[in-house]
Amino acid sequence: MDLFLVSSISMIIFAIGLYGIMTSNIGIKMLISIEILINAAMLNLVAVAIDFSSVDPLILALFVIAIAAAESVIGISLLTAIYRKYGKVSLSLLREIRW
């Protein structure tokens with residue numbers, strides 16, 4: 001598979017995630033958009049690893065996947081706790097309860 005094609009697909013996925021972050025006001029949508037951004041970066045790392053026949057980017061990708069999974073669990077648990085207490089999860093509510 002061509003590195004340029006995979007990088008182009010990765011950039012499109014990254015743009016979709018960035019659009020989701022910039023236009024969303026709901027916490028869970030922002031968390032999903034962050035995951036889309038991370039997946040785009042992982043796709044690019046795997047493409048580089050395959051193109052250069054190196055294992056190092058794959059190891060980095062596995063490490064980032066593990067950190068992303070932990071980040072998702074923490075984010076979902078925080079959003080669930082906020083939803084249970086306030087009944088909604090919006091960015092304006094998160095700004096209000098920040099302090």
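Analyst: Gladly! Helix α2 has 26 residues and reaches 38 Å from its first C-alpha to its last, close to the 38 Å expected. Please keep in mind that this is a predicted model.

User: How do you know what span to expect for α3, with its 31 residues?

Analyst: The rule takes 1.5 Å times one less than the number of residues. For α3 the expected value is 45 Å, and the helix reaches 45 Å between its first and last C-alpha, so the two are close. Helix α1, residues 3-23, can be treated in the same way: with 21 residues it reaches 30 Å, close to the 30 Å expected.

User: What makes up the protein, from the N terminus on?

Analyst: The elements run α-α-α-α. In total there are four helices and zero strands.

User: Why is S72 called buried?

Analyst: Buried means under 20% relative accessible area. S72 has 15% relative accessibility, so S72 counts as buried. This residue is found in helix α3, and it touches L31 and E35, leaving aside residues up to four places away in sequence. Both L31 and E35 are among the buried residues of α2.

User: And why is I59 called exposed?

Analyst: Exposed means over 50% relative accessible area. The value for I59 is 51%, so I59 counts as exposed. I59 is found in helix α3 too.

User: What makes V46, I50, V55, L58 and I59 a patch?

Analyst: To join a patch, a residue needs over 30% relative accessible area and no salt bridge, and nonpolar side chains are joined within 5 Å. V46, I50, V55, L58 and I59 form such a nonpolar patch on the surface, with about 430 Å² of accessible area together. The elements that give two or more residues to it are α2 (27-52) and α3 (56-86).

User: Which residues of α3 are buried, and what covers them?

Analyst: The buried residues of α3 are P57, A61, A68, S72, G75, L79 and I82. Their cover includes α2 and α4 (91-96).

User: Which elements do the buried residues of α2 pack against?

Analyst: They pack against α1, α3 and α4. Among these buried residues of α2 are G27, M30, L37 and A49. In α1, the buried residues are V6, S8, S10, G17 and G20, and α2 is part of what covers them.

User: How do you know how the whole protein compares with a compact globule of 99 residues?

Analyst: Such a globule would have a radius of gyration near 13 Å, whereas the protein has 16 Å. Along its principal axes, the C-alpha trace spans about 50 × 25 × 20 Å.

How values were computed: Residues numbered from 1 in each chain as written. Predicted model: local features only at pLDDT ≥ 70, side-chain atom pairs only at ≥ 80, totals over all residues. Heavy atoms only, no water. Patch = residues over 30% accessible without salt bridge, like charges linked within 9 Å, V, L, I, M, F, W, Y side chains within 5 Å. Areas by Shrake-Rupley, 256 points an atom, 1.4 Å probe, with all protein chains shown as cover. Salt bridge = Lys/Arg side-chain N within 4 Å of Asp/Glu carboxyl O. Buried < 20%, exposed > 50% of the residue type's maximum accessible area, 1.4 Å probe, protein only. Rg over C-alpha atoms; globule rule 2.2 N^0.38 Å. Contact = heavy atoms within 4.5 Å.
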